Each structure stands twice: as C-alpha cells, then as structure tokens.
Amino acid sequence: MINRPLEYSLRIFGIWPDSPYPKLKIITWIIILPTFLVFQYWYCITHIKLGLIDLLDGLSLTLSNTLVFIKLIVIWFHKRTFYEILMSMKEDLNNNKHSATENKRIIMDKSMLSSRISNFLISYFAITFFLYSGVALVIFDEDQGKFLVRMEFPFIATISPRYEIILITQFIFESFIVYGAATSIALIAALILYVGSQIDLFCQNLTFHSYKKRESQDTIKDIIVRHQKIIQLSKNIETIFTYISLCQFVSNMLVICFISFVLTVSLHTEQTIVLIMKCLPYYIAVNCEAFILCYTGEYITSKSENINKAVYNFLWYNLKPRDVRIMLMIILRSQKQLTLTAGKFICLSLEAFANMLKASASYVSVLYARY
C-alpha cells in the first residue's frame, strides 16, 4: 500500500519506523518550517494595503505551507498509533503470502491503485510547482526582486550573493514542502485503501463460510477478530487524521477561494495569460487534494455498508443458539458505519466536497463585490 516515493517522504520527515536519526530530522524541520512561515506571514501583514491580488496570492501559498507543518506536527504526535497501523499492515501481508489467489488479487488491486494515486499526486504537484515557480520569477515586482516565495526579510535581500542564496534556499524548501503535501494526502488514501482491502477480505471470508453446512467455534472467533481489527484500524486512522482533515478542509476552502478570486480578477488585467499559467494548475491541485480527502470518507463509509450486507447474508440462522447471539451482535455493530471526519464534527463525503466548493464560491462573490 505504501510505495517507495511515499516511504522516502516519511523517511525525510522522520516518520518511518526505521528511519535513521528521527529526532534530529524532527528538530531540524521544527526549526526550518516556522522560520520560513514567519517571513511569509510577515510579508502578508506588511502588504495588506498594497494590493488584494498580491495579498491573496501570497496568503494562499502561506496557508498551504502552514497546512503541511500542521500535518507533520500531528503525525509526529501520533507516531505510536501510526506505527501500530504499519505493524498491522505488515502482519496482514505476511499472513496473506500463503492465502488464496483471490485474496492476493484483492490486495494487489488495492496496492496498485494506491501506488497510482501516489505517483499521480507527486507528479502533478511537481509540475504545478515548476510552473508556479517559473511564472513567479517572471511577474514578480522588479523593485522587490524575483523570489519564488513571497517573503519579507529584516535585511536587504536583493543584493548578490545574498539574493542567489535565498533563491536557492526557497527552491529547495518549497520542493520538500510540495513533496510533503502530495505524499500526505497520498498517505491518507493508501491507509483508507488498506482498510477497504481488509473489508473486502472479511466479506469474502463470510461468503466462503456461508457455503459450509456447519461452522466451528474457531470460524466464529475468526470472524469476530477480523471485524474488531477493522474497527480498531479505522479508529486509529481517525485518531491520526481527524484534525489533519479539519485543517486541510478549512485550508483548501480558503485557498480555493483566494485562487478563484485571483483568476477571476486576472481576466481584466494585462497579465491574464501569465496569471492563468501560474494559478490554474495550483487551483486544480488544491481541488484534487480536497476531492481525494473527501472521497476517502465516502469510500470507507460505502465499504462499511458491505460489512452489514455480508454479515446479514451469512447463514447465521443455521448456527447453534449461542453462536447466533454472537452473530446478531456483529450485525448490530456493523450497522454503525465507519466514517472519516474532519475534527469529529464534519463527516467527509462527496457532499462535504460540494459544500466546500459552494462556500468558496460564496466567499469569492463577496470579495469580488468589495474589490
């Protein structure tokens, strides 16, 4: 489920279990990221009255960088829970090495889909970064210097070689930020797909046992253990990503609003084509990020409904009375859907994604009316 590019990102940020010097990496990022964010927010504060387009353009990138920093903090704080998920994945992989061909096919299909999502996000985010950076060097104000990221420094930054050092540092910094942003949403998708594969295996196992005339006590126990494992896995993912999802939900909504406003206003300027080339790929990337986040919640909810159907279609009425009571408890528990929430009060779904776009469009209309 976790391919090499995603694993390398987790190693860079000190999250992977056997990553060398994890504490040193965490301390390094804790020093670097806030330092860059301070300069970015300083720029936004000092340029409030200079122009709304420049302010929103700089603020959108600042919010995206802040979101990556918040994601890292939350994952660092829940490293133990994240390690439990990885250990569960490793155990299931070892157990399924000698399983049936159909079980291997289910796991391979989900793994390939997870890898494709990761590769797509990393590739598209990289293309967006290069386009954004290239156009930013072209249209930035000559008096303030052509920087990749809009920052305000407590010193004169446009003199050589200070300017070249800052430019190279910004490029390296944003490269890692973009890499982290792409892999963070890919990580959520990979873990949710892993839960989906476990649900498919659980349902297939129930279908297989339905054709047996008699069920042993070990079979009932195996069904209970598998079901509880899926529930616990879903809870662990919810624990790690619920507040990450909330921050991303709010950030994506604001960034979509800001970039939409910049694109709308750019249609009436002389730099229409240049601004569209700069902001449109970024706008698509943010929408894609928000869509994948909301779709993961829709996916796990729909998959949990399959558990309820599979348990109900199981021939539980042919079991012994003691086993029937156990199966009825599983049916009752499976009626409670598995969900992925944003801050434990917004259930992520396609409806939530539509509401996000509606809210962003409303904010854009308000900004445009006051512009």
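By the rule used here, there are 5 cavities of 30 Å³ or more. Keep in mind as you read that this is a predicted model. Rolling a probe the size of a water molecule over the atoms shows where empty space is left.

**The largest cavity**

- The volume of the largest cavity is about 320 Å³.
- Its lining consists of 24 residues, and the closest to the centre of the largest cavity are Leu61, Ser64, Phe125, Val178 and Tyr282.
- Two or more lining residues come from each of helix H3 (52–77), helix H5 (101–139), helix H6 (162–210), helix H7 (217–266) and H8.
- Which helix gives the largest share of this lining? That is H3, with 6 residues.
- Sorted by class, the lining of the largest cavity has 15 nonpolar, 6 polar and 3 charged residues.

**The second largest cavity**

- The second largest cavity holds about 110 Å³ of space.
- There are 13 residues lining the second largest cavity, and Phe13, Leu72, Gly180, Thr183 and Ser184 are the closest to its centre.
- Helix H1 (4–12), H3 and H6 each provide at least two residues of the lining of the second largest cavity.
- The classes in the lining of the second largest cavity are 8 nonpolar, 4 polar and 1 charged residues.

**The largest pocket**

- A set of 21 residues lines the largest pocket, and Met1, Leu86, Met89, Lys90 and Leu93 lie nearest its centre.
- At least two lining residues of the largest pocket come from each of H1, helix H4 (79–95), H5 and H6.
- Which helix gives the most to the lining of the largest pocket? H4 does, with 7 residues.
- By class, 11 nonpolar, 5 polar and 5 charged residues make up the lining of the largest pocket.

**How H8 packs against H10**

- Helix H8 (residues 272–313) packs with helix H10 (residues 350–370) at an angle of about 150 degrees, and their axes are 7 Å apart.
- Angles over 145 degrees count as roughly antiparallel, so H8 is roughly antiparallel to H10.
- On the H8 side, the contact is made by Asn287, Ala290, Phe291, Cys294, Tyr295 and Glu298.
- On the H10 side, Leu350, Ala352, Phe353, Met356 and Leu357 make the contact.
- The contact of H8 with H10 has 9 nonpolar, 1 polar and 1 charged residues.

**Fold and backbone details**

- The protein has 10 helices and 2 strands.
- Read from the N terminus, the order of its elements is α-α-α-α-α-α-α-α-α-β-β-α.
- The C-alpha trace of the protein spans about 80 × 50 × 30 Å along its principal axes.
- Ser160 and Pro161 are joined by a cis peptide bond, with omega about 5 degrees.
- Where does Pro161 lie? Pro161 is in the loop between H5 and H6.
- Tyr21 is not a glycine, yet Tyr21 has a positive phi of about 50 degrees.
- You will find Tyr21 in the loop between H1 and H2.

**Confidence in the model**

- The protein has a mean pLDDT of 84, and 92% of its residues reach 70 or more.
- Among its elements, helix H2 (residues 22–46) has the highest mean pLDDT (91), whereas helix H9 (residues 321–334) has the lowest (79).

Terms used:
Residues are numbered from 1 along each chain as its sequence is written. This is a predicted model: local features need pLDDT of at least 70, side-chain atom pairs count only at pLDDT 80 or more; totals for chains, interfaces and linings use all residues. Side-chain values use heavy atoms; hydrogens and water are left out. Axes are lines fitted to C-alpha atoms, for helices over the stretch in contact, and angles run from 0 to 180 degrees between N-to-C directions. Helices (H or I, at least four residues) and strands (E, at least two) are DSSP runs, numbered from the N terminus. Angles under 35 degrees count as roughly parallel, over 145 as roughly antiparallel, 65 to 115 as roughly perpendicular and the rest as oblique. Contact means heavy atoms within 4.5 Å. Ala, Val, Leu, Ile, Met, Phe, Trp, Tyr, Cys and Pro count as nonpolar, Asp, Glu, Lys and Arg as charged, and the others, Gly among them, as polar. On a 1 Å grid over the protein atoms alone, a cavity is a set of points where a 1.4 Å probe fits but cannot get out, and a pocket is an open set with protein on both sides within 12 Å along at least five of seven lines; lining residues have an atom within 4 Å of a point. Grid points are joined across faces, edges and corners, and a volume is the space filled by probe spheres set on the points. pLDDT is the predictor's confidence in each residue, from 0 to 100.
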